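Student: Could you walk me through reading some features in a model like this one? I'd like the general idea each time, then the case at hand.

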Amino acid sequence: MFGYEPEFVDCGDARIACYDIGRGRPLVLLHGNGEDSSYWKAQIPEFTRFYRVIAVDSRGHGASESGTQGLSFALMAEDLKKVLDARGVKKAHILGFSDGGNLAIKFALTYPDYVDKLILNGANVEMFNGIKPHFQLPIYAAYGLLAAAAHVSKKAARRRDVFGLMVRQYGVALDDLAQLTMPTLIIVGERDMVRDSQTIEMAARIPDCRVETFRDGDHFVAAKQPSRFNRTVIEFLLGR
């Protein structure tokens with residue numbers, strides 16, 4: 001897939017796919033909802049110049065199996081720990097996009113000792129108040145249709161579980177973000193689906209945090225403005 005072959009880690013009821021590329025300090029990449037590690041195809045060649053990149057397909061996404069326990073951020077955080085343990089990684093930079101950013105938050109709160117620096121691209125904490133209504137309401141509608149179709153279609157059931165990650169709270173409150181003591185960068189687009197107020201509230205609660213807003217950018221700035229995105233990430237990680 002996208003030029004790289006996955007390796008698999010046994011996480012109990014599911015095999016989780018990861019792509020371990022390059023050398024140096026580990027940098028973990030977590031994709032968004034319904035995607036896979038190929039989302040980072042414009043980032044991996046640049047990032048591997050400086051870092052050992054470990055891109056992970058979340059449970060139920062890409063080449064990873066769904067398992068038998070359903071999908072949740074708590075379970076995916078456990079998967080990520082098992083992947084890092086299997087790869088011999090005890091501390092890494094974590095970069096998460098959208099739902100991957102939410103997973104990064106959940107993981108950093110659960111296993112803070114594993115996280116060096118944290119980068120959240122288009123992440124949110126409050127599912128409804130955090131996302132602009134004209135983006136969130138169609139997600140609820142699609143989830144309802146998939147839930148109905150899941151009774152007769154395994155494919156619909158899998159998509160329902162994936163969409164379900166975007167309609168339920170994931171066990172993190174805004175005030176929990178005060179526990180994220182690692183250096184943190186939030187990246188959003190000027191026209192992001194995440195409300196500006198959500199980003200402001202998140203940044204205000206994270207002790208060591210700054211925000212980078214991409215002018216004329218939407219939710220998918222990594223894919224649409226890769227040169228600026230890559231430079232912003234690398235400069236933050238290198239402390240510039």
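Predicted model: local features only at pLDDT ≥ 70, side-chain atom pairs only at ≥ 80, totals over all residues.

**Charges over rings**

Tutor: Lys 117 lies over the face of Phe 236, with 5.1 Å to the ring centre. The rule for a charge over a ring is that NZ of Lys or CZ of Arg is within 6 Å of the ring centre and within 35 degrees of the ring normal. Residues are numbered from 1 along each chain as its sequence is written, and side-chain values use heavy atoms, with hydrogens and water left out.

Student: How many aromatic pairs are there, and what counts as one?

Tutor: Rings of Phe, Tyr and Trp (its six-membered ring) pair if their centres lie within 6.5 Å; planes under 30 degrees apart are stacked, over 60 edge-to-face, and the rest tilted. Here the count comes to 10 aromatic pairs. One of them is Tyr 39 with Phe 97, which is stacked: 4.6 Å centre to centre and 5° between the planes.

Student: Where in the chain do Tyr 39 and Phe 97 lie?

Tutor: For the labels, helices (H or I, at least four residues) and strands (E, at least two) are DSSP runs, numbered from the N terminus. Tyr 39 is in the loop between strand E3 (26-30) and helix H1 (44-47), while Phe 97 is in strand E5 (residues 92-97), so the pair links distant parts of the chain, 58 residues apart.

Student: Are Tyr 39 and Phe 97 buried or exposed?

Tutor: Buried means under 20% relative accessible area, exposed over 50%, and partly exposed in between (1.4 Å probe, protein chains only). Both Tyr 39 and Phe 97 are buried. Now take Phe 214 and Phe 229, an edge-to-face pair at 6.4 Å centre to centre with 65° between the planes. Phe 214 lies in strand E8 and Phe 229 in helix H8 (residues 226-237), so this pair ties together parts 15 residues apart in sequence. Phe 214 and Phe 229 are both buried too.

Student: Which residues do the ring pairs link into a cluster?

Tutor: The cluster holds Tyr 39, Trp 40, Phe 97, Phe 214, Phe 220 and Phe 229.

Student: On to strands. Which faces of E7 are covered?

Tutor: The general idea is that side chains in a regular strand alternate between the two faces of the sheet. In E7, both faces are covered: Thr 184, Ile 186 and Val 188 on one side, and Leu 185, Ile 187 and Gly 189 on the other, are all buried. That is 6 of the 6 residues of strand E7 (residues 184-189), so the strand is largely enclosed by the rest of the structure.

Student: Which strands pair with E7?

Tutor: Two strands pair if DSSP finds at least two bridges between them. Strand E6 (residues 115-121) pairs with E7 in the parallel sense over 4 bridges, and Ile 119 stands opposite Leu 185 there. E7 also runs parallel to strand E8 (residues 209-214), joined by 6 bridges, with Ile 187 opposite Glu 212. From E7 the chain crosses through helix H6 (residues 196-205) to E8, and this β-α-β crossover is right-handed (with the strands pointing away from the viewer, the path from the first strand over the helix to the second runs clockwise).

Student: And which strands pair in the antiparallel sense?

Tutor: Strand E1 (residues 7-10) and strand E2 (residues 15-21) do, over 4 bridges. Phe 8 stands opposite Ala 17 in E2. Their hairpin has 4 residues between the strands, and Gly 12 takes a positive phi near 90° in it.

Student: Which residues other than glycine have a positive phi?

Tutor: Among them is Ser 98, near 55°, in the loop between E5 and helix H3 (99-110). Ser 98 counts as buried because its relative accessibility is 14%. Asp 216 is another case, near 65°, in the loop between E8 and helix H7 (221-224).

Student: Last one: how many disulfides does the structure hold?

Tutor: A disulfide is a covalent bond between the sulfur atoms of two cysteines; the cut-off here is a pair of cysteine sulfur atoms within 2.5 Å. The structure holds 0 disulfides. For Cys 11, the nearest cysteine sulfur, that of Cys 18, is 9.1 Å away. Cys 11 is buried at 3% relative accessibility, whereas Cys 209 is partly exposed at 22%.
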